[in-house]
Amino acid sequence: MPAPQRGGGPDPAKAADLAEFISLLGELRIWAGQPSYRVLARRVGPLLRPPRTVSSSTVVDAFKVARRRLDLDLVVGIVRALGLDEDEVDRWRNACIRVHAQAKSGGPTGVLRQLPTDLATFTGRDKELDALLAAVARPGGAGGAPTVVISAIEGMAGVGKTQLALHAAHRLVRDGRYQDLQLYVNLRGFDPESPPVDPAAVLETFLRHLEVSAQQIPDDPDERAAMFRDRINGSSALIILDNAANEQQVRPLIPSSSSCLVLITSRRSLIELDDAVVTQLDVFAPGEAVALLTRIVGEERVAAEPEAAAAIVETCGHLPLAVALAAGRLRSRPSWSLAHLLGRLRKHGVDAVSTSERSLQDVFDLSYEGLAPRTQRLFRLLALHPGQDFTPPAAAALAGLGEAETELLLEQLQDEHLVQQRTPGRYALHDLLRAYAAGRARQDPDEERAATERVLGWYLASVDAATRRITPARYALPLRLAPMTAAPAEFDGSAEAMAWCDQEYANLLAAAERAAGMPGSDLAWQLATSMSMYLFLRCHWQESLRVNELGLEAAAATHHLAVEAWVRGNLAMSLAALGEPELAAPQLTRALEMRRELGEVGGGTEGLGDLSGPVDAHELEAGLDGSLRALEAAVRAGDRKREGAALNGVAICLWELKRPLEALDYLRRKLALHREAGDQFGLGPALHNIAEFHETVQLYDEALEVFREALEVARASGDPHAEAGALFGIARCLSATGQYEAARPDLESALAAFKRLNAPEVQQARELLSRIAELVDHAQ
């Protein structure tokens, strides 16, 4: 080891960014005599804490200027191994942290930092924090192989597991660690009102954050987990899995790369996670609890009544959450003495939390009773929201208030630690607070039902408005929307409408589930019909099936044939897209029977042509007659949307009756309506249908021209299934005219997209690709 040297080498303070810092590190190596990377690796290993073997390739990588981040511990070890004294080592350490912080503030594209805020009032936990930080630096597992670092923080509700995990995470990030990616999720493992979060749903969210499109995410949970591990492999990533229910819930969410750290919190011991370093978190020591009270309330007030302060934290059972809530109430009531608060605590029995019968009920009561009546009402109604998080407009709908007032009330609740805002504009209730608020809401069943109907009605009106923007020319059943104080969402165009549906996707599904549990309500079938187009466009076939199954019972209860026929038609399309034509056929047959009873087959038959086969010629003739009558009535009434639906119905019936040229005329009329309305999402399918009609009558040049226009429209509107369908059509036409080599690239692209979407066309595309390969081989 060279003797420690002071000064004389390159100055790390001159580094303007990470690349310059790495360049200076290379200059330092030259200044120190340019030891080989192998020699340097041997010197560095013993200097690390804990000591470990370092490969020469690891050291080589540290000197590559293109790197996005450096391991701080490794840099410090290299600087020491190059012979600098500790003062100089500190200068290099600080410079390394600075350039990483600058890189972070500059925001490298694609880097995600989802950590909730580190609490300024975090207190104590020195021993546990040291254990967590030491676990990060541990060597590999059995045999020395490096593995992902997993730390599990366990303890009772309210003990501060999440706060410790976040504090440790922020400290690591401030020290320059885990700069590539920081993910956070609340797994809701102990929510009495809702089941634990499905890890497959978490994986979908993580993958979307990692810029994987919804259509590329596999349906199979194991495939999702594999894709997540692949996408995160090699990243310096920190993942917090909060409120885990059990090992099975978290295991799919754990990456395999040794560059990652996973922090898990749970009320349950995760004994099957063999590689996890477990931190058992107990209640605060008395001094820590008083320190937390002091940081929130202020030193002067606590110093004036030290005995009352000690009694307050004891009455709270030294439980961090209870202490924090009591202290927050004191801070918001500057005229109260600590003795006054202690009297209230004792009156309400919060001291029971320190026994085997302890409960947070009284702690929550204390906070709740200090709220203004309107804030109390909003708090208890928030538990009735169907999803896991909510926006101010949705909360306003729940309470029947204006959005501006609701936002102010939400901020008050956040000040009282009764709601959380992890991302701007989206709020959530902690599991325990949601259960507490739900208990309060159940005390007034009439208010509970009215609030639920208001928020479900708001989601219905909003998704209906979104659908009308996405497909403005599409005929839809008229909805009976209840008047509401909070205005539904509004959209400037189809892209904004689709983005809102994507953001509220989980809440929309939850709303459909909640609506199905409300006997006598039309909301279930109304949500099903309004959501269907979005679900179809995003290829959420399984979810579409579920939503329409939920809506069918409600639709049947209306005794309106048009409503039930509509839902059955959507259900049939969902089943067909899932590759279940034998189940789709009876639903479609019954839907057509109902439309025939109504004397109208045209309305709502978009897409039914994908179900070729389940209806016989007699039914098709009857359907054609009904669609023609519906078309005539729509034209007389000047109803362009109903006219488009009827044109579609006529074309489908003519197509199935083997009269394609006649059908083509009606499709061209429908195409003109979509162009007139500027309906990009409706224009694509219309073009596709026309192209297929040309293909059927072997007018391949004309079909290719229209397929290519359909491809442009699909790409412009962001419809991956339509894009794949157009590519498939182009490939079929090229193949039919003997242009096999030209067809292959488009066909391969289409097949890959169909696989990602789990689309029913996969087998057809695979068979055509196989035939083309055989023909090419034979020709050669």
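User: What does the model's being predicted mean for the values used?
Analyst: Local features need pLDDT of at least 70, side-chain atom pairs count only at pLDDT 80 or more, and totals for chains, interfaces and linings use all residues. Residues are numbered from 1 along each chain as its sequence is written, and side-chain values use heavy atoms, with hydrogens and water left out.

User: Why is E504 called buried?
Analyst: Buried means under 20% relative accessible area, exposed over 50%, partly exposed in between (1.4 Å probe, protein chains only). E504 has 2% relative accessibility, so E504 counts as buried.

User: What makes R426 and E504 a salt bridge?
Analyst: The definition asks for a side-chain nitrogen of Lys or Arg within 4 Å of a carboxyl oxygen of Asp or Glu. The R426 and E504 side chains meet at 2.9 Å, N to O. R426 lies in strand β8 (residues 426–428) and E504 in the loop between α22 and α23, so the pair ties together parts 78 residues apart in sequence. Helices (H or I, at least four residues) and strands (E, at least two) are DSSP runs, numbered from the N terminus.

User: Is R426 buried or exposed?
Analyst: R426 is at 18% relative accessibility, so R426 counts as buried.

User: How do you know that K64 and D61 pair?
Analyst: Their closest N and O atoms are 3.0 Å apart, a salt bridge. K64 is partly exposed at 44%, and D61 is partly exposed at 28%.

User: How many salt bridges does the structure hold?
Analyst: The structure holds 23.
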